[in-house]
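Student: Could you take me slowly through one part of this model, and then show me another part that I can set beside it?

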Amino acid sequence: MTLNNSIIFMGTPDFAVPSLKELINKFNVIAVITSLDKQKGRGRKVMFSPIKTFAIENKIPVFQPPNLKDPIFIKKIKSLKPDLFVVVAFRMLPKILIEIPEMGCINLHSSLLPQYRGAAPINWVLINGEKETGITTFFINDKIDEGDIIDRKKIKINKNDTAGTLHDRLMIQGSKMLSKTISKILNQKVTSYKQKMSSNDKLAPKINKEICRIDLDQNTEKIENLVRGLSPYPGANINYNNKFYKIILVKKTLENIKSHNNLFSLNNKLYLNNNFGETLEIIKIQAEGKKIMDASDFLRGNKL
């Protein structure tokens, strides 16, 4: 392995930070490309992406182009003469950018490709009740998550996993596998193979408001899977008495508790019934404009 080979890293959220940390300790990361800064809150405070914050702390040059096809930006990246692009949780790259590095452009994806191609694989494997998922590294082409696969690793989904806990496990495992993939590429010992895609592949489209709504005509298993797949963010929600509540964590109960209401309390516990009278106990809930809280704390300060 040589440190002479130069890498440009592309990413934005927390998920990408351990990968960048792993890379700067082992390889020659010469620059980072990340999303534009955002304004948040009432004061419209400028917020950096987690990757930008980490890059600045480690004195890595940062690029934030509004347009990835911008000629000035492309010219600047070419002048850096990168050998390899490494992408973790970024956005689709234009062909003109993909073709710059001599050793190619690779991506870390949080599913076992070709299954769950798309923006939200961690959410969808839980929503669909899968028992396992994984991580994949692959060479990027001009289609979304369809490039040749380099490495894959299966990871068991635990029965109590949420999108948050699974995200954190895949984030760490992914950073380690990504490092091994890069070592193979830089040492010219990499092999890859084409994905075998079919019309039956499960996909992972972006989560929208409609997906987040709890359908009370579903059985409790599907409702629980939806809650787990959207916890802690963006949260599965229910509209009850013209108020929106995000249901963050539930668990199965051993008995069905008869109630005419879909959301109700009994013996200082909070419950959700579907339209067939099947019951889930709510463990964590978030009312509009409030923080996530335990159901017992919620019941002390709120009336349904």
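**A helix pair and a strand in a sheet**

Tutor: In this predicted model, helix H1 passes helix H6 in a right-handed crossing. Two packed helices are described by the angle between their axes and the distance between the axes. H1, which covers residues 17–26, and H6, which covers residues 163–186, pack at an angle of about 35°, and their axes are 8 Å apart. From H1 the contact is made by Pro18, Ser19, Glu22, Leu23 and Lys26, while H6 contributes Met171, Ile172, Gly174, Ser175, Leu178, Ser179 and Ile182. Sorted by class, this contact has 6 nonpolar, 4 polar and 2 charged residues.

Let us now turn to the sheet. Its 7 strands form an open sheet with mixed pairing, in the order S5-S2-S1-S6-S7-S8-S9. Strands S5 (62–63) and S9 (149–156) stand at the edges with a single partner strand each, so one side of each is left without a neighbour in the sheet.

Within that order, look at strand S7, residues 105–109, which pairs with strand S6, residues 84–88, in the parallel sense over 4 bridges, with Val88 standing opposite Leu108 in S7. S7 also pairs with strand S8, residues 132–139, but here in the antiparallel sense, over 4 bridges, and Asn107 stands opposite Phe138 in S8.

In a regular strand the side chains alternate between the two faces of the sheet. In S7, Cys105, Asn107 and His109 lie on one side and Ile106 and Leu108 on the other, and both faces are covered. Since 5 of the 5 residues of S7 are buried, the strand is largely enclosed by the rest of the structure.

Conventions
Residues numbered from 1 in each chain as written. Predicted model: local features only at pLDDT ≥ 70, side-chain atom pairs only at ≥ 80, totals over all residues. Heavy atoms only, no water. Axes fitted to C-alpha atoms, helices over the stretch in contact; angles between N-to-C directions. Helix = DSSP H or I, 4+ residues; strand = E, 2+ residues; numbered from the N terminus. Left-handed = near helix turned anticlockwise from the far one by under 90°. Contact = heavy atoms within 4.5 Å. Nonpolar A, V, L, I, M, F, W, Y, C, P; charged D, E, K, R; others polar. Pairing = 2+ DSSP bridges. Buried < 20%, exposed > 50% of the residue type's maximum accessible area, 1.4 Å probe, protein only.
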